[in-house]
Number of protein chains: 2
Amino acid sequence: MTGQVRTVDGRVAGRRGQATRQKLLDCLGEMLSSSPYRDVKVIDVARKAGTSPATFYQYFPDVEGAVLEIAEEMAKEGAGLTELVSGRSWVGKAAWQTSEELVDGFLDFWRKHDAILRVVDLGAAEGDKRFYKIRMKILNSVTNSLTDAVKELQTKGKVDKEVSAAAMAGSLVAMLASVAGHQKGFTTWGVKQAELKPNLALLVHLGITGKKPVR
Amino acid sequence: MTGQVRTVDGRVAGRRGQATRQKLLDCLGEMLSSSPYRDVKVIDVARKAGTSPATFYQYFPDVEGAVLEIAEEMAKEGAGLTELVSGRSWVGKAAWQTSEELVDGFLDFWRKHDAILRVVDLGAAEGDKRFYKIRMKILNSVTNSLTDAVKELQTKGKVDKEVSAAAMAGSLVAMLASVAGHQKGFTTWGVKQAELKPNLALLVHLGITGKKPVR
DNA sequence: TACTTGTCCTGTCATGCCGTCAGCTTACCG
DNA sequence: CGGTAAGCTGACGGCATGACAGGACAAGTA
């Protein structure tokens, strides 16, 4: 389905080529973690990978193109976030546990990939559809599951019909993503991780069920 | 207090100089709206302003420095967001109105300054303290007011003591900021502005008061 | 008006990154 | 061992960066 990995000039990448390519991606990932996106240069990535800029351009059209590649990879992993919601219960004590685990899982994922996610977020906010699609892919895996949860609670009459399930789920997920992206900021401001998580869980619970949690 | 506007080489900028400087800032602002941050070049800004790159460097150390300048200006305006919350009521029907107006005001502000806020957000996420400070200045104007509101409701016994007022306020504001930054994204995904706002207001209301709104 | 002073702008230059190409080296295969 | 395709890089024109010195300009002074 994905076809073979190809170089920019159309050749099929073999064993060695793929290794080089991967090394470049790894080095780019590291650079993104340590320096501002704006200052990441092709030549630096190449140097770090022990190769030349020309080699970089053999595999990627530009820095952005390579970032997209990394992001795509991460998005695949992000699809697994669905399991934080799907099949979970939103009733009684179980609902609280579901909320907590969702928040935990989400924050962990974000912390793990923060550098790339920053860039994806920027690209998406700037209106680049490719980045936006990737961001969607990750967030939707959670958003869709949450939307379903709300809808189900609505059919059971446990949540007001007026609530737009999609908007609610989307807002909650956006909140999680934003807070996750500024976790360091929160701690600097004096809010500790320990009190941040329960409050996020509380908001999730309130948003989905419309009620205070039973702990 | 702010002292005089100075050039990079220490001279005091006069009438004409300040005009040029401002023009450069304006043009930079426009460029940020129309092209990715990574691709904004000094030479383009200078050309757009009808001057030369050398002139740009007379007033700013680099693109980032100029962006900080614009952001600082915006932050001053952002301080006015406090009024969306301070002195408002969080009881009964008034609480719902307060929530709605907060969401409205916030989204408007973000839409107005979206380009520059994107960059500030990125800088803050990357750990740049200067950008982080600006982001704080804007968000705190709302966060602090909201924190006070929660604390007041807590002393009246209307909100659980366990809730961390700061964390709750911070999370809600982060949500608003994130959703605001991806407004276009939401509409693309099929969530209309009309249903987005009430749901955000609902979440704000739930988060602050812990109860469903009375409309 | 001519002169002086300090602000303001730009031409120019060395430096460094970008992105491409031709050509060399390496690996694989019959 | 030759052929073929993959893999890599030196080299190059082009462009942005950032610094400087010097010229243009406005305003005050005699």
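**Exercise 1.** Which residues beyond four places in sequence are in contact with A:Val67, and is A:Val67 buried or exposed?

*Solution.* Step 1: the model is predicted; local features need pLDDT of at least 70, side-chain atom pairs count only at pLDDT 80 or more, and totals for chains, interfaces and linings use all residues. Side-chain values rest on heavy atoms without hydrogens or water, residues are numbered from 1 along each chain as its sequence is written, and chains are lettered from A and ligands numbered from 1 in the order in which they are written.

Step 1: leaving aside neighbours within four places in sequence, A:Val67 is in contact (heavy atoms within 4.5 Å) with A:Leu28, A:Leu32, A:Tyr37, A:Ile116, A:Val119 and A:Phe131.

Step 2: A:Val67 is part of helix H4 (residues 63-78) of chain A. Helices (H or I, at least four residues) and strands (E, at least two) are DSSP runs, numbered from the N terminus.

Step 3: A:Val67 counts as buried because its relative accessibility is 0%. Buried means under 20% relative accessible area, exposed over 50%, and partly exposed in between, with a 1.4 Å probe and protein chains only.

Step 4: from A:Val67 to A:Ala95 there are 28 residues in sequence and 37 Å in space, C-alpha to C-alpha.

**Exercise 2.** Describe the fold of chain A in terms of its helices and strands.

*Solution.* Step 1: chain A contains 10 helices and 0 strands, and its pattern along the sequence reads α-α-α-α-α-α-α-α-α-α.

Step 1: the C-alpha trace of chain A spans about 60 × 45 × 30 Å along its principal axes.

Step 2: of the 215 residues in chain A, 53% are buried.

Step 3: among contacts in chain A with a separation of 6 or more, 66% join residues 24 or more positions apart.

Step 4: helix H8 (residues 165-181) of chain A has 17 residues and reaches 24 Å from its first C-alpha to its last, close to the expected 24 Å. That expected span is 1.5 Å times one less than the number of residues. H8(A) is mostly covered, with 15 of its 17 residues buried.

**Exercise 3.** Which residues surround DNA strand C, and which are closest?

*Solution.* Step 1: a residue is near a strand if one of its heavy atoms lies within 4 Å of it. DNA strand C is surrounded by 20 residues, the closest being A:Tyr57, B:Gly14, B:Thr20, B:Thr51 and B:Tyr59.

Step 1: sugar or phosphate accounts for 67% of the atoms of DNA strand C within 4 Å of the protein, and bases for the rest.

Step 2: list polar contacts (pairs of N or O atoms within 3.5 Å; within protein, one must be able to donate a hydrogen and the other to accept it, and residues adjacent in sequence count only if both atoms are side-chain atoms).
- An N or O atom in the side chain of B:Thr20 is 2.3 Å from a phosphate oxygen of DNA strand C.
- A polar backbone atom of A:Val42 is 3.3 Å from a phosphate oxygen of DNA strand C.
- A polar side-chain atom of B:Gln58 is 3.4 Å from a base nitrogen of DNA strand C.

Step 3: two or more residues each come from helix H2 (42-48) and helix H3 (53-59) of chain A, and from helix H1 (15-34) and helix H3 (53-59) of chain B.

**Exercise 4.** Which residues come nearest to DNA strand D?

*Solution.* Step 1: A:Arg11, A:Gly14, A:Gly17, A:Thr20 and A:Thr51 come nearest of the 18 residues around DNA strand D.

Step 1: polar side-chain atoms of A:Thr20 lie 2.6 Å, and of A:Thr55 3.1 Å, from a phosphate oxygen of DNA strand D.

Step 2: H3(A) gives the most to the surface near DNA strand D, with 4 residues.
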